[in-house]
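My entries follow the display.

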Amino acid sequence: ESLQMRTDSGWYTTSSPTIHGDLVFLNLGRDVIAFDVLTGQEQWHYKHRQADFTLDPNERPNGMNEVAIEGRFIVTIAGINYGDERSSDGAILCLDVETGRLRWSVILDGNPDIPMSNDLFPCSSPVIHEGVAYVMARRLSRQQLVSESPVAIDLIHGEVLWSRWIASSGQLRRNIEQAVSMPLPDGDRIHVRTTAGAIASVDASNGDLLWVQRMPPPDPNAFE
């Protein structure tokens, strides 16, 4: 698939570039590509082959696909986030920065190391802090209850270290249309914000809840 074909199909509207050293990285949902920052020449290309990645013209992507980098590790997420679901299997991917080789992948949906993980999917970009990758995850129950949790994954081995439920709310369209903030590392704490209006701080080592405050979620109509 050529660069022009990917451009015409709209894949670049879902990706935010990240520069690291002499490389520029793009996650297009199905493809993660590294380009030379000076020449634009493709250096490596990882293609995730696990599920359907067709962009839905009737849905609006909820946030951009971004990558997190630490040392030789690049962490990003497969698929496109539509707010109430994520296309493909939503795998959290760890690739080698220099070669694009897959080091590990973690699927949250049905993960045995996460309680009540059926239909759980990543809803934020990942962040790396002190050898751990963090991401916010979302689950919509059959009763249309929206629940969100931070998930911590060991950067070296790809093992789920912990997850912590923060808050739930009824499925309000204005809520799930709001992009979820990435977890914010702060020393030995991780601060998170959910679309339900909860702001919380958890222990980075084990996910224990330190405090939580509930606030009204922002009204997207105020920004129109």
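I first looked up P185, and its bridge partner in strand 16 is I190. Strands here, like helices, are DSSP runs numbered from the N terminus; a strand is E over at least two residues, a helix H or I over at least four. This is a predicted model, in which local features need pLDDT of at least 70 and side-chain atom pairs count only at pLDDT 80 or more, while totals for chains, interfaces and linings use all residues. Residues are numbered from 1 along each chain as its sequence is written, and side-chain values use heavy atoms, with hydrogens and water left out.

Entry on the sheet. Strand 15 and strand 16 (residues 189-193) run antiparallel and are joined by three bridges. I count two strands as paired if DSSP finds at least two bridges between them.

Entry on T195. I located T195 in the loop between strand 16 and strand 17 (198-203). Is T195 buried or exposed? T195 counts as buried because its relative accessible area is 3%; buried means under 20%, exposed over 50%, and partly exposed in between, with a 1.4 Å probe and protein chains only. The side chains of T195 and R138 make a polar contact of 3.3 Å. A polar contact is a pair of N or O atoms within 3.5 Å; within protein, one must be able to donate a hydrogen and the other to accept it, and residues adjacent in sequence count only if both atoms are side-chain atoms. I also checked S181, which is 14 residues from T195 in sequence and 8.7 Å from it in space, C-alpha to C-alpha.

Entry on strand 6. Strand 6 (residues 73-77) is mostly covered, with five of its five residues buried. F73, V75 and I77 point one way and I74 and T76 the other. Strand 5 (residues 68-70) pairs with strand 6 in the antiparallel sense over three bridges, and A68 has V75 as its bridge partner. Two residues lie between the strands of this hairpin, where G71 takes a positive phi near 60°. Strand 7 (residues 92-96) runs antiparallel to strand 6, joined by five bridges; I77 has I92 as its bridge partner there.
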